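Here are my notes on this structure.

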Amino acid sequence: MIKKNFLRNTGTFLVFGGPSIFAFIAVIVIPFFVGMYLTFTNWDVRSADTAFIGLANYIEVFQDKVFLGQLWFTLKYVFFTVLIANGFAFFIALLLTSGGRGEQWLRTGFFTPNLIGGIVLGYLWQTLFSQVLPYMGQKYGWSLFQTSWLTSTNTAFWALVIATAWQLIGYLMIIYIAGFSGVPTDVLEAASIDGASRKATIQKVILPLTIPAIVICVFISLSRSFLTYDINLALTKGGPFASTELATYHIVQKAFLSNQYGVGQAEAVVLFAVVAIIALTQSYLLKRLEVES
Amino acid sequence: MDTHRRGSTVKNILLYLLLLVFLTPFLMIIMNSFKTTQQFVENPLSFPKNLKFENYVSAYHNMDFLSSFLNSMIITVVSVLLILFFSAMTGYLFVRFNWKINAIIFFAMLASMALPFQVIMIPLVMLYGNMDLLDMKTTLFFMYLGFGVPFGVFTFHGFIKGVPFELEESAFIEGSSRLRTFFQIVLPLLKPVFVTLMVLDVLWIWNDYLLPSLVLLSPSQKTLPLSTYNFFSSYAVDFAPLMAGLIMTIIPVLILYLFLQKHIIKGITEGALK
C-alpha cells in the first residue's frame, strides 16, 4: 500500500513539477554552482586543462584598476539614476492621484517608454544626443548642447543617466500611484482640517505612509540600473575611449571577447555582492522610517 | 469650488505639456523617419514635406525585418506559453502537496529570484556551448522556461493558495483524476493570473537582448533587438532608415499595449508589490 502511494506521488510530482523543475535546475541551479566553482579555476577557452587556483581570480579582480574604476563609475551612475528617476516618478505620481479626468491617459502616456527594450531606447537617445541636440545648440546658441554629449566622458555619463531615468520614471510612477492609493483618505482629511499646507501634508503624512512603495521603487531602480547593459551598448558603446563602460559591459567583454571566463565570472559575483549589500542596506534603513497609519 | 476646478484644469494642462516634453524623443523619431537623411541633418526640427515611406522600405530590407520579426514572435509566444503552463502546474503541486521536497524546491526558486542574470550567463553559455546546444531556438525556449519559472510558480502559488479545496473535492469523489481536476476546475480560475503573468513575460522576452545575443549566433536566427543592433552598427551614418527601423521595432509592442493597456499597468503593479 505504502509502495503504491509512493509510486503515485512520484507520478504526480513528475507530471506537475517535472518540466519546470528540470528547466529551473538545468538553467539556474547548475550554472550557478558551476559558476561559483569557475571563479576558483583558471578556466580558459583556449587551454584545455583547468587548474584550481584558489582566490587568485578574486585577487585579480580587486587589483584590476580598470574594473574598479568602472565599478565606481557604475556606482555614480546608479546613484544619480535612482535619485532622478524616483524624484520625478514620485511627483508625477502625486499629480496623478487626485482622481481627475484624463489621468488614465496621462498614466498610459508616461508609461510608454517601458514598452521598448534597452537597444531601441539607446539608439533613440543616441540619435537625439548626436544629431538633434547639437543642431539646436548651434542654432539657438546654447553652449551646453553645441557638441554631441556622447563625445566626452562627463556628458556621456549624463546622457546614460537621462536615458535610463527616462524609462524608469514611468515604471516607478505606476508603483508610487499604487502606494498613494493606500494612504487612507481620513488621514488626509484630518490633515486638511487641521490646516496643514500641501507641502506639510506631503512631508508629514504622505511620505511616511508610502515608505513601503519607496523601498520597492528604490530597490527596483537600484537593481535595474546596476545591471544595465543594453542601453550602455546602444547609447555609448562604452565610448568615448572606453570611459563609459558600466560593470556588466565590462563583464561581457571580459568573458566573451577576451575569453577570460574565470575572471569575468569572479567580477560578476563581486558585482552581485555589491548590488545585494547596497539593496539590502537601503531597504533596512528606509524601513526603519516606516509608520503605521 | 470654482477655483478648485480651475486649479485642476490648469494642473491638467501642465501635465499634458509635461507629457508632451516627456514623449518628444518618440515624436522626433517619427517625424524624421519620413525625411531623407540629408533633410534630417540639415534641420531635424522641420516637419516632413511629404510622407515618404522609402526609409521604411529600406529598413525593412536591410534589417531583415520579416525574418527577425517572425523569430521574435515565435520565441516570445512559445516561451511564454511554456512558462505559463508549467508554472501553473507546479504552483498547484506546491500548494496541494505538503511534501518536504516541494518546500525545498519552492524555497530555492524564491532565493533564485534575487540572482541577477549576470551571475548565470557565463557558466550557462559555457555549459550549453560544450553540449553543442547553442544557436537553436529550442535551447532558448528552454532557457526562458528556466528563467521564467521561479516568478511564475511564485505568482500562481500565491493565487492557488486562496482557491478552496472543496471545489476539487467533489470532483475527486466522482472519481476524476488529479490531472483532469486540475484542467477542468483549477485552470479556468487562474485566468486573471495568466493575463498578468503573460504581459510581464511578453515585455521581458520580446525586448530581451543579452540572452539571445549569447545563444543565437547565426544571422537567420536573429530576433528584432539583435537585428536592430546589427543594423545600427553597420549603417551608422544613414540616419533616416535607422529611425524608420526603430519605429518598426516599436510598433508591434505598441499595438499590444493599446489592447492590453489596463492589464499591463495592473500587471506591473502586482508584479512589483509582491
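1. Start at B:Ser33. This residue sits in the loop between helix H2 (24-32) and helix H3 (37-42) of chain B. Helices here are DSSP runs of H or I with at least four residues, strands are runs of E with at least two, and both are numbered from the N terminus. The model is predicted: local features need pLDDT of at least 70, side-chain atom pairs count only at pLDDT 80 or more, and totals for chains, interfaces and linings use all residues. Residues are numbered from 1 along each chain as its sequence is written, while chains are lettered from A and ligands numbered from 1 in the order in which they are written.

2. Is B:Ser33 buried or exposed? B:Ser33 is buried, because 24 other C-beta atoms lie within 10 Å. The cut-offs: 20 or more other C-beta atoms within 10 Å of its own make a residue buried, 12 or fewer make it exposed, and anything in between is partly exposed, with C-beta atoms placed from the backbone. Leaving out residues up to four places away in sequence, B:Ser33 touches B:Asn55, B:Ala240, B:Met243, B:Ala244 and B:Ile247. Contact means that the C-beta atoms of two residues, placed from the backbone, lie within 7 Å. B:Ser220 is 187 residues from B:Ser33 in sequence, and the C-alpha atoms of the two are 26 Å apart.

3. Next, the annotated spans. UniProt, in an unreviewed entry, lists "transmembrane region" for residues 12-34, 73-95, 104-129, 141-160, 181-206 and 239-260 of chain B. Positions follow the numbering used here, feature names are shortened, and annotations may be inferred rather than shown by experiment. Residues 12-34 of chain B are 87% helix and 0% strand, with end C-alpha atoms 31 Å apart. Residues 104-129 of chain B are 85% helix and 0% strand, and their end C-alpha atoms lie 30 Å apart.

4. The interface. 64 residues of chain B are in contact with 65 residues of chain A. On the chain B side, helix H14 (residues 239-273) gives the most, with 14 residues. By class, the side of chain B that touches chain A has 49 nonpolar, 12 polar and 3 charged residues. Nonpolar covers Ala, Val, Leu, Ile, Met, Phe, Trp, Tyr, Cys and Pro; charged covers Asp, Glu, Lys and Arg; the others, Gly among them, count as polar.

5. B:Glu270 also belongs to helix H14 of chain B. B:Glu270 is partly exposed, because 18 other C-beta atoms lie within 10 Å. B:Glu270 and B:Leu18 are 252 residues apart in sequence and 27 Å apart in space, C-alpha to C-alpha.

6. Helix packing in chain B. The axes of H8 (residues 137-160) and H11 (residues 191-207) of chain B come within 11 Å and cross at roughly 155°. Therefore H8(B) is roughly antiparallel to H11(B). Axes are lines fitted to C-alpha atoms, for helices over the stretch in contact, and angles run from 0 to 180 degrees between N-to-C directions. Angles under 35 degrees are roughly parallel, over 145 roughly antiparallel, 65 to 115 roughly perpendicular, and the rest oblique. H8(B) and H11(B) make a right-handed crossing. A crossing is right-handed if the near helix is turned clockwise from the far one by less than a right angle, and left-handed if anticlockwise. Contact residues include B:Gly148 and B:Gly152 of H8(B) and B:Asp201 of H11(B). The contact of H8(B) with H11(B) divides into 6 nonpolar, 3 polar and 1 charged.

7. Helix packing in chain A. H6 (residues 153-180) and H9 (residues 211-226) of chain A have axes that come within 9 Å and cross at roughly 155°. H6(A) and H9(A) are therefore roughly antiparallel. Their crossing is right-handed. A:Leu168 and A:Tyr176 of H6(A) are among the contact residues, as are A:Ile216 and A:Arg224 of H9(A). The contact of H6(A) with H9(A) has 9 nonpolar, 4 polar and 1 charged residues.

8. Two backbone checks. A:Lys237 is not a glycine, yet has a positive phi of about 50°. A:Lys237 lies in the loop between helix H10 (230-235) and helix H11 (247-256) of chain A. B:Asp64, also not a glycine, has a positive phi near 55°. B:Asp64 lies in the loop between helix H4 (54-62) and helix H5 (65-96) of chain B.
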